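Let's take a friendly tour of a protein structure, one topic at a time. Keep the picture beside you as you read.

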There are 2 protein chains.
Amino acid sequence: MGTGPFDIDTSGIEFFYHPRSIAIVGASTKSAKPGGRPVMALRKRGYAGKVYPINPSYEEVEGYKCYPSLLDVPGDVDMAIISLPAESVLDVLQQCAAKDVKVVVIFSAGFSEVGAEGRELQERVRELARANNIRILGPNCLGLINSANSVIASFAFIADLEPVTPGTVAFVSQSGAFGAMMYAQATEAGVGFSSFTSVGNEAEAEFSDFVGYLLDTPETQVIGGYLEGAKDGDKLRSVAEKALRMQKPILILKVGRTGAGARAASSHTGSLAGDDQIYDAFFRQMGIVRIEALGDLTAFAILHRSGREYRGRRVAILGGSGGQGVLLADRCERLGLSVPEITGATREKLEQYLPDFASARNPIDLTAQGGRDTSTWGKCLRALVDDPGIDVVLAQAFFREEVGMRVAEELVEICQSTGKPVVLMTHLRDDSEFVSRCIALVENAGIPILSDGLQAAEAVAKLCWYHEKARQVGDGESLPARILPGEGVDALIHSPDRLSEFQCKRILRCYGIPVTSEGLATSEEMAVEQARKLGYPVALKIQSGEILHKTEAGGISLDLGADDDVRAAYREVLANSKRFSPDAAVQGVLVQEMLKDGVEVIIGTTRDPVFGHVIMFGLGGIFVEALRDVSFRIAPVTRRDAEEMIREIKGYRVLQGMRGKPPADVDVIVDAILRVSQLVTDYADEIEELDINPLVVFSEGAKAVDALVTRRRE
Amino acid sequence: MGTGPFDIDTSGIEFFYHPRSIAIVGASTKSAKPGGRPVMALRKRGYAGKVYPINPSYEEVEGYKCYPSLLDVPGDVDMAIISLPAESVLDVLQQCAAKDVKVVVIFSAGFSEVGAEGRELQERVRELARANNIRILGPNCLGLINSANSVIASFAFIADLEPVTPGTVAFVSQSGAFGAMMYAQATEAGVGFSSFTSVGNEAEAEFSDFVGYLLDTPETQVIGGYLEGAKDGDKLRSVAEKALRMQKPILILKVGRTGAGARAASSHTGSLAGDDQIYDAFFRQMGIVRIEALGDLTAFAILHRSGREYRGRRVAILGGSGGQGVLLADRCERLGLSVPEITGATREKLEQYLPDFASARNPIDLTAQGGRDTSTWGKCLRALVDDPGIDVVLAQAFFREEVGMRVAEELVEICQSTGKPVVLMTHLRDDSEFVSRCIALVENAGIPILSDGLQAAEAVAKLCWYHEKARQVGDGESLPARILPGEGVDALIHSPDRLSEFQCKRILRCYGIPVTSEGLATSEEMAVEQARKLGYPVALKIQSGEILHKTEAGGISLDLGADDDVRAAYREVLANSKRFSPDAAVQGVLVQEMLKDGVEVIIGTTRDPVFGHVIMFGLGGIFVEALRDVSFRIAPVTRRDAEEMIREIKGYRVLQGMRGKPPADVDVIVDAILRVSQLVTDYADEIEELDINPLVVFSEGAKAVDALVTRRRE
């Protein structure tokens with residue numbers, strides 16, 4: 001079985017996709033029934049292994065000999081499909097164990113989705129499977145399909161569809177019905193699925209296990225997924241890392257309606273970390289392409305199978321209609337692509353080819369006249385493909401009777417002479433035999449065709465992003481640096497009482513995060529002494545693990561310029577705090593240097609039940625509170641992740657220096673994020689939440705002014 | 001002709017859509033040619049009026065007698081189509097004038113789109129038309145089609161398409177080719193166009209004129225438009241107001257790539273007002289539905305033609321697949337719809353109808369079992385329709401052989417028993433004759449059907465928004481209140497020198513906008529006197545129309561607590577300003593009260609070449625500069641517009657009171673926006689830009705602390 005808690009457990013999974021024999025327990029002679037459809041489909045599609053229908057009522061199903069029970073089957077059984085009511089499942093599983101069945105697909109509903117009793121039944125299924133080295137798909141699932149060898153262990157309607165070959169997309173879904181729709185839609189769009197897996201309740205093997213296995217199959221080039229929520233974030237992370245290394249894109253449609261407010265938390269970070277934002281951050285971090293609709297996966301797959309690398313974001317648009325070109329250019333720019341004006345030699349060429357009134361800029365508008373002359377189209381396309389300032393060409397063409405074949409041939413020739421991606425946009429719905437021939441010619445040459453320009457732009461943007469991510473793998477930047485913490489962290493982290501600001505900052509200092517110069521005072525005179533040592537002016541802050549909101553408690557006094565001020569403030573701060581929280585254990589008063597002006601930022605962490613420690617970055621104060629303008633990543637983060645977190649916030653401009661101020665020291669923020677990441681990774685089990693709020697950032701350097709570390713079960 | 005500069009000039013436009021006779025100048029016997037296609041289409045579709053092909057080379061075209069010149073035509077000619085090279089157009093127009101032709105459609109290219117010479121030619125076309133009361137469509141256009149009476153004055157390929165009846169969408173397009181694609185796509189989706197108008201270069205009659213006319217035609221229920229840029233913002237505004245009053249929605253696909261940075265401006269407002277943001281604000285203000293893609297118009301039209309009012313945003317989703325339901329619910333919520341949990345009696349009913357493990361919440365998941373039992377589907381639908389907590393039902397259904405017809409009949413019956421909108425989502429692509437019959441039954445009952453759930457959600461959101469907008473028409477809130485300005489504004493606005501802060505604030509005060517208490521001093525002693533009158537502390541600010549950035553000039557001194565401080569500051573402020581700008585004419589030093597803390601907001605205006613004065617609102621300082629978090633509306637604004645502007649910014653939360661602060665006085669901001677709106681409307685020709693930055697807003701009241709009014713040509 002698995003090799004470690006964070007590893008992908010793919011042992012035995014291969015039997016789901018390559019069983020030498022399949023038993024269908026609860027087989028039916030009615031092909032529309034769950035127990036009937038797979039038997040019929042296995043027969044019809046010519047599955048080469050052995051098929052054993054199991055049902056005491058029949059002698060034979062679809063020409064296969066039917067057995068009264070699994071134990072009556074003469075040969076070995078690799079896969080058993082259970083299509084019986086929930087209450088019979090455990091018995092059949094016992095028989096599977098006795099027969100040394102490798103994998104079991106459980107169609108039956110009535111498990112964790114129906115409440116406490118079902119959950120208990122499901123837990124017993126899991127235990128039984130684990131004890132007997134059986135891998136389980138389901139229960140409450142539509143099963144799976146492996147197109148290449150006609151393993152149809154599913155009762156979804158898609159079992160009846162003719163597969164499109166070659167199948168290069170493996171689809172894994174937490175919703176059976178939705179997954180089946182996606183499969184059907186892709187099939188209609190001419191995109192072949194190598195496999196379809198409906199994971200159901202994931203009693204034992206889960207989403208990530210299947211994805212992890214499928215990545216290793218040579219036919220799978222793209223993974224599509226429908227996800228409501230991962231069971232194990234670490235596993236999904238491992239799978240995503242593996243996929244990125246293998247350059248096999250994972251595309252996920254993630255749904256889930258838990259809003260940001262749902263999480264109960266005492267820290268800023270916790271209260272701002274919504275489920276959807278965390279998934280979004282995770283996907284961005286791990287190179288998983290998030291999709292929004294059925295068509296996104298097929299459009300991506302169509303572009304991806306051309307095998308071209310998207311090396312840059314500069315797009316040229318070659319089209320017949322000015323209006324559509326402009327619309328497409330707008331969309332491209334909104335998606336983060338650029339549609340640069342064509343200049344230099346290419347511009348001169350285009351102006352020579354195009355009629356006076358046509359636009360030789362970008363989008364390139366052929367106008368009705370220009371569009372009618374085939375050679376113009378080809379010449380323009382070649383000029384754009386040859387332009388080193390262009391990375392991708394979106395070309396629109398129609399195949400008219402007279403000239404269509406020449407257009408198609410020229411397109412193929414030009415595309416074969418370059419490594420640049422070219423995407424053809426054309427109406428695919430035209431039924432004429434002539435147009436179909438033109439399209440077949442282009443398609444067989446491996447050139448991607450889409451009918452919807454906006455969808456093409458979306459897919460191009462996704463591929464550009466994905467290839468950027470994939471290129472970063474293995475470069476030095478992406479590895480988190482190992483930081484050696486100073487001594488004493490252990491003792492602090494395990495100290496019995498709630499941690500005070502002073503203690504929290506000592507922990508930060510041990511991890512090399514700069515904090516304000518300061519000292520703890522337990523008497524007026526000690527406070528004065530500390531103040532003199534630090535140099536005036538100073539601030540005084542009450543220190544108690546039980547007083548979280550020092551300002552509210554009147555526990556802070558700022559900008560004290562002389563010994564007497566410090567003495568008075570010391571008394572006042574103590575008195576206020578006593579009034580505010582009479583029973584709080586006070587450790588003393590912190591005497592702290594006053595800082596010059598800088599930009600206030602916040603770095604925080606919170607624990608997510610799925611992904612563990614999540615790191616947040618934002619600008620301090622009102623930016624975080626009013627605008628929720630923050631970014632997230634899952635710990636541990638790389639230097640590049642940290643840089644992206646900082647650039648991602650809308651208020652990034654503030655850090656670049658505004659109103660004549662010098663830019664803030666972004667490097668020191670990156671460094672602080674990396675150190676926080678390591679701290680919460682090293683003490684993953686101890687720390688619940690952490691807030692550095694604010695970290696004041698100067699044009700050089702930064703200092704943490706306040707910090708809070710909450711431990712688990714506090 | 002027109003009745004005023006801001007009025008829609010529809011006189012004569014009716015002849016484009018209802019000509020009794022059409023002459024095609026440059027007629028061709030080849031149906032693929034621009035001069036051939038309309039003749040053929042008029043014949044084929046049985047246009048009832050007279051058709052006169054004009055071409056000296058032919059005796060006859062498509063069975064119509066052909067004349068050598070327009071002047072040879074025996075009868076009256078209402079419409080002439082010119083399909084000749086640009087250089088012949090003026091001659092033909094002269095003939096049109098002689099023949100008293102009412103309207104002329106000019107296909108010919110070679111006008112303003114090709115440069116200076118073409119622009120001049122176009123200007124002559126316009127003058128000739130105006131002088132002879134001829135209305136012009138084009139030049140450089142694809143012409144127009146009126147479906148009801150088969151007026152095909154177009155050479156676009158769509159001239160050959162069979163129209164879908166009834167046509168209720170009138171489409172007006174600044175891009176011919178794109179408009180034609182939209183027409184074709186809508187036709188394919190079963191949405192009928194009442195007319196199609198390609199406006200080309202708009203030499204004379206423009207986009208808004210055609211829309212204005214079409215609104216009055218009874219067959220037109222929805223207007224669709226493709227817009228690159230309006231020629232006259234006031235006209236478009238008049239048309240939009242008329243449409244909203246008539247409850248005929250206008251949907252516009254607006255493209256255009258001018259970024260926010262393109263505008264040169266000296267004020268904040270000017271530098272933040274990008275073209276696209278202004279159009280966006282205009283559309284929102286005027287109830288124009290902005291669409292993003294071809295399919296948005298057809299989906300909207302399909303929902304709209306059911307005639308149901310969308311009274312609220314609470315959506316119930318009834319579907320077969322849990323996954324798709326969740327996806328749809330996510331999308332609905334992102335679109336500003338709500339998908340509330342079903343409770344009370346309805347919930348009890350649903351739980352009774354649905355199998356144990358089905359979700360009776362919302363989305364309502366029938367699961368495979370529930371979906372199979374027809375009566376369940378119908379019962380659930382009825383329960384949802386009857387629930388007063390639900391405004392719209394999105395219902396998914398499939399028409400299976402056994403039960404499909406009963407599902408369809410039940411759906412029709414339920415829908416006819418309610419006024420609530422119900423949208424059916426189902427696969428339309430199924431070719432079986434049975435499914436087609438089911439769909440026809442539902443469609444004939446006026447129930448909207450869409451195959452794409454996400455598109456249905458988008459269309460529902462758009463209709464909800466549109467109906468909210470339409471309901472506001474005529475309610476008192478929507479009328480701007482007339483403010484009587486105090487005396488002296490005229491003199492100030494027309495004062496010879498650049499306006500100082502003191503003068504700008506006097507103008508504001510005349511319009512009832514609260515400003516800081518202050519007085520102008522021209523000597524140290526006057527400053528002290530003013531300060532005593534105001535009460536300490538005070539601020540001093542240099543006053544000169546030539547020093548725009550007082551802080552930079554060292555021309556501001558804050559928080560002065562005593563007479564001597566004021567004297568010293570007076571000297572310093574003057575000396576600094578002299579150093580900064582030795583030649584600036586200084587009017588004196590402003591002595592101003594210091595304000596207590598409040599929320600700083602900015603209200604500004606800038607002139608847009610199309611729409612005139614545009615008003616901006618945002619939070620002050622870094623919010624505007626770093627985040628560009630501002631909202632716009634076109635002046636004059638209504639109270640509701642002002643309220644929407646304030647609520648629209650992302651930082652709205654800051655105004656609601658944060659960190660224990662009381663909420664800011666939003667009413668006083670609304671009032672200030674209305675007063676600014678009237679000021680720039682009253683002095684539309686004088687004022688170029690205006691910035692109140694900041695207006696400090698308290699929990700009660702507000703005061704403008706600084707203001708700048710720039711006049712035109714300054």
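## Where the two chains meet

The area buried between chain B and chain A is about 4,100 Å², and carbon and sulfur atoms give 58% of that area. Keep in mind that this is a predicted model. The contact draws on 47 residues from chain A and 46 residues from chain B. How many salt bridges are there between chain B and chain A? The count is four. One example pairs A:Arg334 with B:Glu292, whose closest N and O atoms are 3.0 Å apart.

Which parts of chain B supply the side that touches chain A? At least two residues each come from helix 5 (176–188), strand 13 (250–254), helix 11 (322–334), helix 22 (622–627) and helix 24 (652–655). Helix 11 of chain B gives the most, with nine residues. Sorted by class, this side of chain B has 21 nonpolar, 17 charged and eight polar residues. Across the interface there are also two residue pairs in polar contact, both at pLDDT 80 or more.

## Salt bridges in the whole structure

Over all chains, a search finds 88 salt bridges. Take A:Arg290 and A:Asp276, with closest N and O atoms 2.9 Å apart. A:Arg290 sits in strand 14 (residues 289–291) of chain A and A:Asp276 in helix 9 (residues 275–286), so this pair ties together parts that are 14 residues apart in sequence. Are the two partners buried or exposed? A:Arg290 counts as buried at 18% relative accessibility, whereas A:Asp276, at 31%, is partly exposed. Both residues belong to a network of salt bridges whose members also include A:Lys469, A:Arg633 and A:Glu644.

A:Arg314 and A:Asp391 form another salt bridge, at 2.8 Å from N to O. A:Arg314 lies in the loop between helix 10 (294–304) and strand 15 (315–319) of chain A, and A:Asp391 lies in the loop between helix 14 (374–386) and strand 17 (392–396), so the pair ties together parts 77 residues apart in sequence. Here A:Arg314 is partly exposed, at 34% relative accessibility, while A:Asp391 is buried, at 11%.

In chain B, the side chains of B:Glu644 and B:Arg633 meet in a salt bridge of 3.3 Å, N to O. B:Glu644 is buried, with a relative accessible area of 18%, and B:Arg633 is buried at 0%.

B:Arg633 is also one of the residues in contact with B:His613. You can find B:His613 in strand 25 (residues 612–619) of chain B. Because its relative accessible area is 6%, B:His613 counts as buried. Its contacts also include B:Thr605, B:Tyr683 and B:Ile687, and the side chain of B:His613 reaches the backbone oxygen of B:Ile687 at 3.3 Å.

## A buried alanine

B:Ala240 lies in helix 7 (residues 233–246) of chain B and is buried, with a relative accessible area of 2%. Leaving aside its neighbours within four places in sequence, B:Ala240 is in contact with B:Ile250, B:Met286 and B:Ile288. B:Ala240 and B:Ile250 are 10 residues apart in sequence, and their C-alpha atoms are 7.5 Å apart in space.

## Cysteines without partners

A disulfide is a covalent bond between the sulfur atoms of two cysteines. How many disulfides are counted over all chains? The count comes to zero. For B:Cys66, the nearest cysteine sulfur is that of B:Cys96, 15 Å away. B:Cys66 is buried, at 4% relative accessibility. For B:Cys510, the nearest cysteine sulfur belongs to B:Cys504 and is 12 Å away; B:Cys510 is buried too, at 16%.

## Backbone details

A cis peptide bond joins B:Asn362 and B:Pro363, with omega about 5°. B:Pro363 is in the loop between helix 12 (344–353) and strand 16 (364–365) of chain B. The bond from B:Asn693 to B:Pro694 is cis as well, with omega near 5°, and B:Pro694 is in strand 27 (residues 687–697).

B:Glu202 has a phi near 55°, a positive value in a residue other than glycine. B:Glu202 lies in the loop between strand 11 (192–198) and helix 6 (207–215) of chain B and is buried, at 5% relative accessibility.

Note on methods. Residues are numbered from 1 along each chain as its sequence is written. Chains are lettered from A and ligands numbered from 1 in the order in which they are written. This is a predicted model: local features need pLDDT of at least 70, side-chain atom pairs count only at pLDDT 80 or more; totals for chains, interfaces and linings use all residues. Side-chain values use heavy atoms; hydrogens and water are left out. Contact means heavy atoms within 4.5 Å. Buried area is the accessible area (1.4 Å probe) that two parts lose on being put together, summed over both. A polar contact is a pair of N or O atoms within 3.5 Å; within protein, one must be able to donate a hydrogen and the other to accept it, and residues adjacent in sequence count only if both atoms are side-chain atoms. Helices (H or I, at least four residues) and strands (E, at least two) are DSSP runs, numbered from the N terminus. Ala, Val, Leu, Ile, Met, Phe, Trp, Tyr, Cys and Pro count as nonpolar, Asp, Glu, Lys and Arg as charged, and the others, Gly among them, as polar. A disulfide is a pair of cysteine sulfur atoms within 2.5 Å. Buried means under 20% relative accessible area, exposed over 50%, partly exposed in between (1.4 Å probe, protein chains only).
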